[in-house]
Amino acid sequence: HYIQDTERGPTKSLTTDNRSGEFTSTSSQDFKSFDNDGFTLNANAWNSHVNVSSTYPNTQYTSYNFRKCANFFDVIIFTGDGATSKTLSHSLGVAPAWVLVKRRDDSSDWWMYHRKLNGGTNPHQYRISLSYENDEESAGNTWGNTAPTATNFYVGGNDTNTSGATYVAYLWAHH
């Protein structure tokens with residue numbers, strides 16, 4: 001489960017199935033390029049796990065691609081300031097329905113906001129971790145204790161806004 005994006009570049013990767021921070025791949029293991037119609041992989045990409053027919057013959061792969069676009073998807077890179085609530089602008093044009101935030105420079109949880117947490121009542125007061133099998137839980141100030149808007153979303157405290165830490169946020173609109 002490798003995640004690349006155009007904001008961080010093709011050699012920067014995160015994985016959703018563990019808490020590891022961002023890693024930089026070598027030129028023989030990374031995406032070669034992001035293209036207008038998708039992406040190009042180098043031969044033997046990802047330590048012989050992707051795009052290597054000799055190692056895994058007849059293996060099929062799945063790729064999910066999201067283009068930054070108003071009313072659909074956005075990627076935000078930010079540095080934490082340690083505040084209990086930090087305002088971050090986005091370009092969705094509508095309040096995000098789903099937000100994933102990951103600290104890039106250290107091992108930590110992937111934190112998820114969704115508009116239907118807590119049955120849709122004050123969902124910004126709840127969160128889900130992708131790292132554990134727990135149900136939704138109280139968010140404390142993970143989302144700055146503030147609901148997202150059509151122009152901003154909020155993060156706060158050590159989970160999503162540690163001072164000096166670097167983060168990536170993926171935001172999806174509701175359709």
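A pocket here is an open set of grid points with protein on both sides within 12 Å along at least five of seven lines, and lining residues have an atom within 4 Å of a point. I'm working from a predicted model.

**Entry: the largest pocket**

I looked up the space first: about 1300 Å³ lies in the largest pocket. Then I checked the lining, which comes to 32 residues. Y2, Q4, S63, Y64 and N65 are the ones nearest the centre. Sorted by class, I get 17 nonpolar, 10 polar and five charged residues in that lining.

Which strand gives the most to the lining? I found that β1 does, with four residues. Strands that each supply at least two lining residues include β4 (31-35), β6 (73-79) and β13 (166-172).

I noted three bridges between β1 and strand β2 (residues 9-15). Across that pair, I3 stands opposite L14 in β2.

**Entry: N152**

Next I went to N152, which lies in strand β12 (residues 152-155). Is N152 buried or exposed? I put N152 down as buried because its relative accessible area is 17%, under the 20% cut-off. Its side chain makes a polar contact with the side chain of T151, at 3.4 Å. Leaving out residues up to four places away in sequence, I see N152 touching T87, L88, S89 and H90.

How values were computed. Residues numbered from 1 in each chain as written. Predicted model: local features only at pLDDT ≥ 70, side-chain atom pairs only at ≥ 80, totals over all residues. Heavy atoms only, no water. 1 Å grid on protein atoms, 1.4 Å probe; cavity = no way out; pocket = protein on both sides within 12 Å on 5 of 7 lines; lining within 4 Å. Points joined across faces, edges and corners; volume = space filled by probe spheres on them. Nonpolar A, V, L, I, M, F, W, Y, C, P; charged D, E, K, R; others polar. Buried < 20%, exposed > 50% of the residue type's maximum accessible area, 1.4 Å probe, protein only. Polar contact = N/O pair within 3.5 Å; in protein donor to acceptor, adjacent residues only side chain to side chain. Contact = heavy atoms within 4.5 Å. Pairing = 2+ DSSP bridges.
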